[in-house]
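Please load the model in your viewer and keep a selection panel at hand. The stops below go from the whole chain to a core, a single side chain and a pocket.

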Amino acid sequence: MSRRHGALAAVRSTVQHPSFRQATQDMAGTSLGIAAWGLVTGVAMVKSGMPVGLALFMSLAVYAGSAQLSVIPLMAVGAPLWVIWLTAICVNLRFVIFSSMWRSYFAHLPLRQRLAVGYFSGDVIYVAFMKRFPEPRPQAEQIPYFWGAATTNWLAWQVPSIAGILLAHAVPLSWGLGFAGVLALLGVLLSLLLDRATCLAAVVAATAAIAAFALPLKLNILVAIAAAVAAGLLMEAVERRRQHPRVVLVPTDNTRPAREHAPAPQGEAATLHEDRHP
């Protein structure tokens, strides 16, 4: 009983923390786009022939809109299971990068809490969190902020998604929800374009998807993902090389004068000298 009261007290403290409320405010702007995306996904799952019970389970268990929208057409046309799994894995490869970044902030938490962070994390949450806490070190405000963002994002997705699943047969296709979903995805995408690497990856992915559009079983999605990941990694490697120049050691060919060994008096300029070692 005391453990239960302790857990409830921890939840109450987190919800009442100012950072929790700040996170909900930061996520409010993208919640409408997430809601539209969730509604489209819920309707699409049922319209593709998936039973309502299975669609509800997928929405709650998978909780990954891009992966769900990617595999639904494959499931509808009876694609091989390995293609479905490979597509879902490739679409969610970005969460491997997210996890490596979350490690600097949440590695000290118990395993159960880290698993919960892994389930509730998402693209928009990652962007908002990194803007708020750019320095990769644990702080007391980070956990309440994360849960404020995660709660807002989870509700903004699950409530419309479940509504779309339950009301799919009452929603006509003439409403153009598919276009609304595309607009929602574009809004989320634009919020993630923070540097040249991500912009380049987005352009490469769009180009590759169009170029490989004729491939069967929506395999152009896999081509676009592979091209974007390769472009992003290449751009990151180039940036890292520019920021950290290579040091080359060459044999010595001269000696330093004795006066250069003496420390410079305070306030005076000191001569910089390049040491060359064998």
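A contact here means heavy atoms within 4.5 Å. Among the contacts in the protein chain between residues at least 6 apart in sequence, 77% join residues at least 24 apart. This is a predicted model, in which local features need pLDDT of at least 70 and side-chain atom pairs count only at pLDDT 80 or more, while totals for chains, interfaces and linings use all residues. Residues are numbered from 1 along each chain as its sequence is written, and side-chain values use heavy atoms, with hydrogens and water left out.

Of its 278 residues, 31% count as buried, that is, under 20% relative accessible area with a 1.4 Å probe and protein chains only.

Next, select Trp102, Phe106, Phe129 and Phe146, the residues with the most contacts inside the largest nonpolar core, which has 24 residues; such a core is a set of buried Ala, Val, Leu, Ile, Met, Phe, Trp, Tyr and Cys residues joined through side-chain atoms within 4.5 Å. Two or more residues of this core come from each of α2 (18–47), α6 (94–106), α8 (123–132) and α9 (142–166). Centre on Phe146, and, leaving aside residues up to four places away in sequence, you will find that it touches Trp102, Phe106, Val117, Phe120, Ser121, Ile125 and Phe129. A second, separate core of 14 residues includes Val71, Ile72, Ala79 and Ala168.

Is Gln142 buried or exposed? Gln142 counts as buried because its relative accessibility is 1%. Not counting residues up to four places away in sequence, its partners are Tyr105, Phe106, Phe129, Phe133, Glu135 and Arg137.

Finally, select Val62, Tyr63, Ala64, Ala67 and Asn92, which are the closest to the centre of the second largest pocket among the 33 residues that line it. A pocket is an open set of points on a 1 Å grid over the protein atoms alone, with protein on both sides within 12 Å along at least five of seven lines, and lining residues have an atom within 4 Å of a point. Helix α4 (65–76) is among the elements that supply at least two lining residues, and α4 gives the most, with 6 residues.

Definitions and conventions. Buried means under 20% relative accessible area, exposed over 50%, partly exposed in between (1.4 Å probe, protein chains only). Helices (H or I, at least four residues) and strands (E, at least two) are DSSP runs, numbered from the N terminus. On a 1 Å grid over the protein atoms alone, a cavity is a set of points where a 1.4 Å probe fits but cannot get out, and a pocket is an open set with protein on both sides within 12 Å along at least five of seven lines; lining residues have an atom within 4 Å of a point.
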